[in-house]
Amino acid sequence: MHLPEKFEKKMRGLLGEDCDNYFDSFGEGYGQTCRVNQLKMQPAELLRRFSVSPVPWCETGFYYKGENRLSLHPFYYGGAYYIQEPCAMAPASFLPVKPGDRVLDLCAAPGGKTTAMAAKMQGEGILIANDISISRCRALLKNMEMAGIKNAVITCESPEHLSQRFAGYFDCILVDAPCSGEGMFRKEPSMAADWSPEEVQRYSTLQKEIVHAAARMVRPGGYLLYSTCTYSPEENEQVVETLLASGRDIDTENVQAPFACAKEADEEGACGLFQLEELPLYPGVDKGHPEWSRSGEESLTCCRRFWNHRVRGEGQFAALLRRVDETESPEKAPGPFIPAQDGLTGEMRDFFAHCRLAVPEERLQFLKERVFLLPEGCPDLSGLRVVRSGLYLGDCKKKRFEPGQALAMALRKEEYDNVLSLPLSDERVERYLRGETIQADGPDGWVLVCVEELPLGWGKSSRGNIKNKIEPGWRKQ
């Protein structure tokens, strides 16, 4: 493929004799890959059903050896796995998210890393997924709903605005920053046409602004993982070193001066706000390169670089930082969200009498006809551009309740009384996914249609005919 001349020269400067191997890799591939969604399925079950081999740096990631398209399998529509490039699995895998945490994915769309962190949380804690682009938030929303996530909020805000509201609030923050995309040129050749040294510098400036806004939102002892899908040191090591050098207000335009100040403070026994945590090494994965930074800070070797000629995947950079100072943020933390005090309607009560999902009335939010279940401990969202606040339960129309697609995907098969569980080989699975009416014996009313253990959506049964209620945009074409 054609690569910009200045880019080729730059890569030769970084890789030296190994650069020819990098250019040769543009003719290679590694097939389809996916990450198991542990909200729906365990890796052992995928291993039993599919011909796969593991991605070394992600215990739920797999290379698929079959020829059928993973995106056409009914389990894909059931949210059992997310189709994701293998090196893109690394950042969420490296960030030590656990159940009960407060987590922020600052540049979240389209949701691959968000859904991975949600699976780690297992429905406990609060996850805020943010993207500054409203159009990208739509793809993020669908992927999060398909994954069956219950404890999340989606916002469409600038990092700076969020940092003013959530100073010192989060246990874990992921910043998968917008970048020049050099690591994706093999997969997306058209991206190479837009590359220039000026674009690299523009992204570097933007990344510093984003990551320093993110840093203000990490609680003492909390973690920030910075990642890109590019190779440029200006966007990787040189961004990370600004955090290592930072106090609260860092001059993002001048890396060397703040770092020199931090060096002097260290000699007096003080320390900065953040320190790098060493990430695990895997065959073919490279360490960070202090010699490519402006400061030469040796701890940058704790970062990790994925080169697409050394691993089975595309380019990626990751750095994990922990906030080590114990000074509490002077800013006031956000208070709890106070929803409108509308209660369950009679038909909603009837519906949820057959559903073993806890629906505390104090966590319900009614927005016109739509009903949402806020995550437990949801912070005050007033003044923010909110795309989705919690789990969308359904619509109340003239006191009638119609359950939503997101609710179906968030349930387990055993959490609803009236279930039609179809074997994978049943032709009604494909018919249902195409939006057709299907037939099955059973009681009239709302039916949760499943492929084996995985919910696919709702149907409305009447005398053996199940009218299809799958969301039109979710149907199989």
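Is cysteine 396 buried or exposed, and at what relative accessibility? Cysteine 396 counts as buried, because its relative accessibility is 14%, and buried means under 20%. The model is predicted.

## The sheet

An open sheet is formed by four strands, with antiparallel pairing and the order E14-E15-E17-E18. Strand E14 (364-367) and strand E18 (400-403) are its edge strands, each pairing on one side only. From one strand to the next, the twist averages 30°.

## Strands E17 and E18

Strand E17 covers residues 391-397 and pairs with E18 over four bridges, in the antiparallel sense. Cysteine 396 has its bridge partner in E18, namely phenylalanine 401.

## Cysteines and disulfides

A disulfide is a covalent bond between the sulfur atoms of two cysteines. The criterion applied here is a pair of cysteine sulfur atoms within 2.5 Å. By this rule, zero disulfides are counted. Cysteine 396 is in no disulfide, and the nearest cysteine sulfur, which belongs to cysteine 355, is 14 Å away.

Cysteine 34 counts as buried because its relative accessibility is 2%.

Note on methods: Residues are numbered from 1 along each chain as its sequence is written. This is a predicted model: local features need pLDDT of at least 70, side-chain atom pairs count only at pLDDT 80 or more; totals for chains, interfaces and linings use all residues. Side-chain values use heavy atoms; hydrogens and water are left out. Two strands pair if DSSP finds at least two bridges between them. Helices (H or I, at least four residues) and strands (E, at least two) are DSSP runs, numbered from the N terminus. Axes are lines fitted to C-alpha atoms, for helices over the stretch in contact, and angles run from 0 to 180 degrees between N-to-C directions. Buried means under 20% relative accessible area, exposed over 50%, partly exposed in between (1.4 Å probe, protein chains only).
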